[in-house]
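Please look over the model shown here, and read the report that follows alongside it.

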Amino acid sequence: MTAEAVAVSGVADPGQPGQERLRRWRLVLGGDAADGTGCELSGRDVAMDGALAALYGRGDKGRAAKDRSAGLGASAPSVARWLGDIRTYFPSSVVQVMQRDAIDRLGLSALLLEPEMLEAVEADVHLVGTLLSLNKAMPETTKETARAVVRKVVQDLEKRLATRTRATLTGALDRSARISRPRHHDIDWNRTIAANLKHYLPEYRTIVPERLIGYGRASQSVKKEVILCIDQSGSMAASVVYASVFGAVLASMRSINTRLVVFDTAVVDLTDQLDDPVDVLFGTQLGGGTDINRALAYCQSQITRPAETVVVLISDLYEGGIRNEMLKRVAAMKASGVQFVTLLALSDEGTPAYDREHASALAALGAPAFACTPDLFPEVMAAAIEKRPLPIPDTA
């Protein structure tokens with residue numbers, strides 16, 4: 001389905017099913033004499049058609065109808081009016097799709113450097129990624145508005161993700177901290193029974209446990225070390241946004257010592273900014289090359305408790321550094337007891353383009369690479385903390 005069809009699919013049904021189908025096709029096809037619908041638009045539909053034409057009618061060779069050749073031009077006021085129009089006629093999810101298409105198809109990124117434009121857009125993760133890529137070109141008059149837009153998206157993501165992440169990881173931390181002399185309420189009965197099956201007494205139909213296995217009580221001490229190592233190449237924009245939010249959530253948990261590292265051909269440790277993910281995001285520099293080996297060398301130097309450490313590499317694995325050294329570092333970390341997780345993406349977009357040769361090499365080392373949605377990430381981290389198999393999505 002084309003982006004234009006997605007936009008039209010968000011329009012409410014006003015009439016009979018047959019007529020409504022023709023109406024939608026007319027909006028998608030644009031009123032060319034050859035569109036075959038024979039459907040005339042009126043009222044609100046004419047304005048909607050104009051908004052669609054401004055974006056999707058431009059440059060289409062097969063269309064001759066004058067109402068499909070408007071375009072947005074390079075005028076900030078006309079773009080601002082168009083942004084207001086689409087927010088009037090389409091639901092928020094569709095507005096976000098159309099905004100992304102406008103930026104990609106019509107080259108409107110530069111207009112986002114103007115404060116009035118930022119105030120008119122519908123903010124989402126992809127818009128944040130675009131703003132971060134423009135960060136260095138952004139004038140001072142725009143930066144505060146841009147930070148406000150980014151902060152709104154970050155706060156919405158935190159509300160969606162934080163509670164479940166903390167609950168999932170708190171349970172995993174408690175289960176991973178098993179003790180051999182637990183109090184009655186702390187006994188893990190499933191593991192205790194499994195460990196003492198050989199002590200089953202048939203005549204009494206019971207097990208006499210010689211060893212009790214229990215959960216550790218929650219404490220203020222650090223139980224796990226987590227290092228998020230994030231590729232900040234341009235294709236990883238959404239992953240950088242989500243990883244920064246998760247980094248802030250993890251850093252708020254006293255039982256987890258969290259470090260956040262971003263890299264391209266250089267490595268930057270943003271751990272001291274984790275209390276505010278907006279600062280983290282504006283500390284990144286999307287674009288540029290990739291040196292995974294250098295980034296992993298830095299992460300490796302920060303590990304003091306290998307058996308209690310989880311390293312999460314988020315990258316499409318297009319390595320510009322020394323491939324064999326990168327693989328050796330992963331192998332060395334795993335051999336020392338580090339739980340190593342490789343995510344090709346941390347976003348809702350599915351599996352991106354990635355280096356399949358490097359992914360296969362990591363899988364052979366016991367570090368399979370896979371794309372992960374934000375909703376699955378807490379389960380992935382819980383599995384890594386408990387040292388059990390990762391919940392890898394079935395992509396077949």
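Helix α15 is followed by K387, whose phi is positive, near 60 degrees. In this predicted model, nine of the ten residues of α15 (residues 377–386) are buried, so the helix is largely enclosed by the rest of the structure; among the buried residues are F377, V380, M381, I385 and E386.

Helix α12 (residues 292–301) has I292, N293, A295, L296 and C299 buried, and because these residues cover an arc of only 160 degrees around the axis, they lie on the same side of α12. The elements that cover them include β3 (224–231), β4 (256–263), β6 and α13 (323–335).

Strand β3 is itself largely enclosed by the rest of the structure, since eight of its eight residues are buried: K224, V226, L228 and I230 point one way from the strand, while E225, I227, C229 and D231 point the other way. From β3 the chain crosses through helix α10 (residues 237–251) to β4, in a β-α-β crossover that is right-handed. The pairings of β3 are set out below.

| Pair | Direction | Bridges |
|---|---|---|
| β3 and β4 | parallel | eight bridges |
| β3 and β6 | parallel | six bridges |

Within these pairings, V226 has T258 of β4 as its bridge partner, and C229 has L313 of β6.

As for confidence, the mean pLDDT of the chain is 82, with 85% of its residues at 70 or more; confidence is highest in β6 (residues 309–314), at a mean of 97, and lowest in helix α1 (residues 3–9), at 60. Over residues 59–70 pLDDT stays under 50, although the model has 28 contacts beyond four places in sequence for them. Where pLDDT is low, the predicted coordinates should not be read in detail.

Terms used. Residues numbered from 1 in each chain as written. Predicted model: local features only at pLDDT ≥ 70, side-chain atom pairs only at ≥ 80, totals over all residues. Heavy atoms only, no water. pLDDT = per-residue confidence, 0-100. Helix = DSSP H or I, 4+ residues; strand = E, 2+ residues; numbered from the N terminus. Contact = heavy atoms within 4.5 Å. Buried < 20%, exposed > 50% of the residue type's maximum accessible area, 1.4 Å probe, protein only. Arc of directions from axis to C-beta. Pairing = 2+ DSSP bridges. Right-handed = clockwise from strand over helix to strand, strands pointing away.
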